[in-house]
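Colleague: Can you walk me through this one? I would like to start with the ligand and then look at some helices.

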Amino acid sequence: MNLAHSQIGRNAVPAEPGLAIEVRNLVKAFYDVSGDRITLAAADVNFTVRRGEFVCIVGPSGCGKTTVLRILAGLEQLLSGEVRIDSTVPPAMVFQEASVLPWLTVAQNVAFPLSLKGVSRQKQRERVDELLQLTGLTEFADARPHQLSGGMKQRVSVARALVDDRDVLLMDEPFGALDEQTRFTLQQELLSIWERTGKTVVFITHSVDEALTLADRVLVMSPRPGTIIADLAVPFERPRDVVELRRDKRFWDLTYEVWRLLATSPER
Ligand SMILES: Nc1ncnc2c1ncn2[C@@H]1O[C@H](COP(=O)(O)OP(=O)(O)OP(=O)(O)O)[C@@H](O)[C@H]1O
Ligand SMILES: [Mg+2]
């Protein structure tokens, strides 16, 4: 099926077997209200993600990372190119700001996607219990968001993204606003959830450190209009320990390599 030009091919099988996501020659432009001014947000973005793979994207501010993720989520149209996602349902998305509904309890927030789908109360309860346990929120099931810390709210967002078991999880700097220690804890939790669930994850971060901690592969983007300038394999064995990783010389060699790419990549 040819999905070229402003089509997102959900449930369109990528060309190669085993691929969950295929992005070819993606171009995205934004027009101002008058239509006079064009911002080219992404230019010729190409990458693939295998099923069950954890891929991180790093790149300078404004290079088009969120735009690419929003296109994958079906929240934004592309100008040209092809996007194929091997799934019948849209991906789940976790945004930079914890997006919890303040009038609902933690459990109700997590259950929200299920209640929209009309899943029975009993099934909702079972699934929510599982997710609360997985994200360490069981004790706070009946709390309201204002009673939670930033890290806990972000855990609610992660639990909600996982609750209806989508194949693909898109995360846009989900831990960006958190202190480093909380971030480490959530990275470790996310890794263990991912190891258990086998989801395909695309995770955007500003932190080279975070990308190397989490990913199987790190994609590096150029300044706007963004394109992928490097695709680096991260060799650390799984399961990973986010602290122990820092004893590995390869961690620092890769950190240097990514920073070199970010620092020397020219404005386009
Ligand atoms: N809705 C929009 N309307 C117009 N321009 C937009 C819109 N969304 C993004 N842009 C522009 O597209 C470019 C890429 O934005 P995007 O949010 O994808 O960057 P980013 O890489 O996620 O940056 P950051 O790391 O700061 O989050 C920017 O120049 C931005 O101004
Ligand atoms: Mg962004």
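Modeller: Helix 1 gives the largest share of the shell around ligand 1, with 3 residues. Keep in mind that this is a predicted model.

Colleague: Which elements each supply at least two residues of that shell?

Modeller: Strand 3 (38-50) and helix 1 (65-72).

Colleague: And which residues are around ligand 1?

Modeller: The residues around ligand 1 include Phe-30, Thr-39, Ala-41, Lys-65, Thr-66, Thr-67 and Arg-224. Gly-59, Ser-61, Gly-62, Cys-63 and Gly-64 are also among them.

Colleague: How many of the shell residues are nonpolar, polar and charged?

Modeller: The shell has 3 nonpolar, 7 polar and 2 charged residues.

Colleague: New topic. Which residues touch the most other members in the largest nonpolar core?

Modeller: Val-110, Val-202 and Val-218, in a core of 65 residues. Helix 4 (residues 150-163) gives the most to this core, 7 residues.

Colleague: What does Val-110 touch?

Modeller: Leaving out residues up to four places away in sequence, Val-110 touches Val-128, Leu-131, Leu-132, Val-156, Ala-159, Arg-160 and Val-163.

Colleague: Now helix 3. Which of its residues are buried?

Modeller: Gln-124, Val-128, Leu-131 and Leu-132 are buried in helix 3. Seen down the helix axis, the buried residues fall within an arc of 100°, so they line one face of helix 3.

Colleague: What is exposed on the other side of helix 3?

Modeller: Gln-122, Lys-123, Glu-126 and Gln-133 are exposed there.

Colleague: What do the buried residues of helix 3 pack against?

Modeller: They pack against helix 2 (106-116) and helix 4.

Colleague: What span should helix 3 have?

Modeller: Helix 3 (residues 121-134) has 14 residues, so at 1.5 Å a residue it should span 20 Å. Its end C-alpha atoms are 20 Å apart, which agrees. Just after helix 3, Gly-136 has a positive phi of about 70°.

Colleague: On to helix 4. How many of its residues are buried?

Modeller: Helix 4 is mostly covered, with 12 of its 14 residues buried. Among the buried ones are Met-152, Lys-153, Arg-155, Val-156 and Leu-162.

Colleague: What do the buried residues of helix 4 pack against?

Modeller: They pack against strand 6 (92-94), helix 2, helix 3, strand 7 (168-172) and helix 5 (180-197).

Colleague: Last one: which residue with a positive phi follows helix 4?

Modeller: Asp-165, with a phi near 55°.

Notes:
Residues numbered from 1 in each chain as written. Chains lettered and ligands numbered in written order. Predicted model: local features only at pLDDT ≥ 70, side-chain atom pairs only at ≥ 80, totals over all residues. Near = placed C-beta within 6 Å. Helix = DSSP H or I, 4+ residues; strand = E, 2+ residues; numbered from the N terminus. Nonpolar A, V, L, I, M, F, W, Y, C, P; charged D, E, K, R; others polar. Core = buried A, V, L, I, M, F, W, Y, C linked by C-beta atoms within 7 Å. Buried ≥ 20, exposed ≤ 12 C-beta atoms within 10 Å, placed from the backbone. Contact = placed C-beta atoms within 7 Å. Expected span 1.5 Å × (residues − 1). Arc of directions from axis to C-beta.
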